[in-house]
Amino acid sequence: MKIVDVRSVILRQPTVEMIGDGSQDTIVILIDTDEGITGIGEVDSAPDVVKSIINMPASHMACMGLKELLIGEDPLDVERLWRKMYSKSIYYGRRSAAIHAMSGIDLALWDIIGKKLGIPVGKALGGTYRNRIQAYCSVLMPGTEAEIEELVSKHMSKGYQGIKLGWGALGESFEKDIRLVKAARKALGPNKKLMIDIGMRWTDVKGAMRVLQAFEEQDVYWVEEPFHPDNLDGYARLRASTNVHISGGEEVGTLHEYRELLSRGCVDIVQPDLSRCGGLTVARKLIDLAEEYNAVIIPHAFKTNILMAATLQYISALPNAWYLEFCEQDTILRQTLTTPLFSIDKEGFVDIPQKCGLGVEINMDTVRKYQVVG
């Protein structure tokens, strides 16, 4: 089997608001083979940048576009192809957008592997431990107590046992963050899990320590991305000062960065985003690395159901899996881009697809309607 084409399709809803919602646009990666199998991937990054990285012409042997590196290759050689892309993009890559582009390609390659073998990707990763997983609701933090109460009531009635409120109105001041979290706990009640995603907006480590004392009183289960991902010292100091779990890692790519995050004691929960970390090829190696440092893996997945499908397959192959992040943003692409659409049952669980590959198909009507041409 050979790769005959690598297509990158940018999709964008008519209006994109400047909020922390990555499901308003996306870039879908489609890898075609000479056997008629097409692999599907997705990237949670800057779509136009990713498309340029994939389609760019070669400048020299260490500065090549990813598409030309893949044409004619066997898609089953996923590890070798990952290393080939990494080494041939070294001048502009190594981290960030280049790794994001590689991640989307990697997801599509694993989709092909599953389809070729006739098995779910989770089984191809080395074996599965479960066929369903408990989900937590993931939405943006509103700015008022009334809005928080309305949002929590709306989603928790579906069966969720926990909710994460992130970005949005958080990070404007420590005082406001405490007030919003108190409102969230009041709306949620005492028996459901509450998680808070600061969205990298804190900078004062000692101030953050004081805030987490207040968060402990509200039984916050974890605080996600309190600082910029480069502030490893801040992460380590904050984690050592609190009983609240500290989580992060969605902005991190390659095992090099994950090893630094874990070895320096920055997080209790590591959150790889499969469309940014280096794909499933990196994420499956992270399983062993996280075990070395007694860290739990709870992947980040705030995009469309392509990323959710890949995340579910990964979760099926995790020896120790706690939760699935279930994006509940009411965006067109999240609701219409794939079949099937995922949903939680009355106990808050999501079934993991048992079809071959990632387990989802693209709705081409949505692609035609929202594709950015040019």
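## Basis

Residues are numbered from 1 along each chain as its sequence is written, and side-chain values use heavy atoms, with hydrogens and water left out. Because the model is predicted, local features need pLDDT of at least 70 and side-chain atom pairs count only at pLDDT 80 or more, while totals for chains, interfaces and linings use all residues.

Helices (H or I, at least four residues) and strands (E, at least two) are DSSP runs, numbered from the N terminus. Axes are lines fitted to C-alpha atoms, for helices over the stretch in contact; angles run from 0 to 180 degrees between N-to-C directions.

An open sheet holds 3 strands in the order S1-S2-S3, with antiparallel pairing. Two strands count as paired if DSSP finds at least two bridges between them. S1 (3–12) and S3 (38–43) are the edge strands, each pairing on one side only. From one strand to the next, the twist averages 20°.

S1 pairs with S2 (residues 25–33) over 9 bridges, in the antiparallel sense. Within this pairing, Val6 has Ile31 of S2 as its bridge partner. Helix H4 (residues 96–117) lies across S1, S2 and S3. H4 runs at about 150° to S3. Contact here, as below, means heavy atoms within 4.5 Å.

## The annotated C-terminal span

UniProt, in an unreviewed entry, lists residues 145–245 as "domain: Mandelate racemase/muconate lactonizing enzyme C-terminal". UniProt positions follow the numbering used here, feature names are shortened, and annotations may be inferred rather than shown by experiment. The span is 49% helix and 16% strand. Its end C-alpha atoms lie 25 Å apart.

## H6 against H7

H6 (residues 145–156) packs on H7 at an angle of about 40°, with axes 9 Å apart. H6 is therefore oblique to H7. Angles under 35 degrees count as roughly parallel, over 145 as roughly antiparallel, 65 to 115 as roughly perpendicular and the rest as oblique. The crossing is right-handed: a crossing is left-handed if the near helix is turned anticlockwise from the far one by less than a right angle, and right-handed if clockwise.

H6 contributes Glu145, Ile148, Glu149, Val152 and Met156. H7 supplies Leu180, Ala183, Ala184, Lys186, Ala187 and Leu188. By class, the contact has 8 nonpolar, no polar and 3 charged residues. Ala, Val, Leu, Ile, Met, Phe, Trp, Tyr, Cys and Pro count as nonpolar, Asp, Glu, Lys and Arg as charged, and the others, Gly among them, as polar.

## H7 against H8

H7 (residues 174–188) also packs with H8 (residues 205–217), at about 15° and with axes 10 Å apart. The two helices are therefore roughly parallel. Their crossing is right-handed.

On H7, the contact uses Phe174, Asp177, Ile178 and Val181. These meet Gly207, Ala208, Val211, Ala214 and Phe215 of H8. The residues divide into 7 nonpolar, 1 polar and 1 charged.

## Backbone exceptions

Most residues other than glycine have a negative phi, and most peptide bonds are trans. Arg94 has a positive phi, near 80°. Arg94 sits in the loop between H3 (78–88) and H4.

Thr339 and Pro340 are joined by a cis peptide bond, with omega about 0°. Pro340 belongs to the loop between S12 (338–339) and S13 (349–351).
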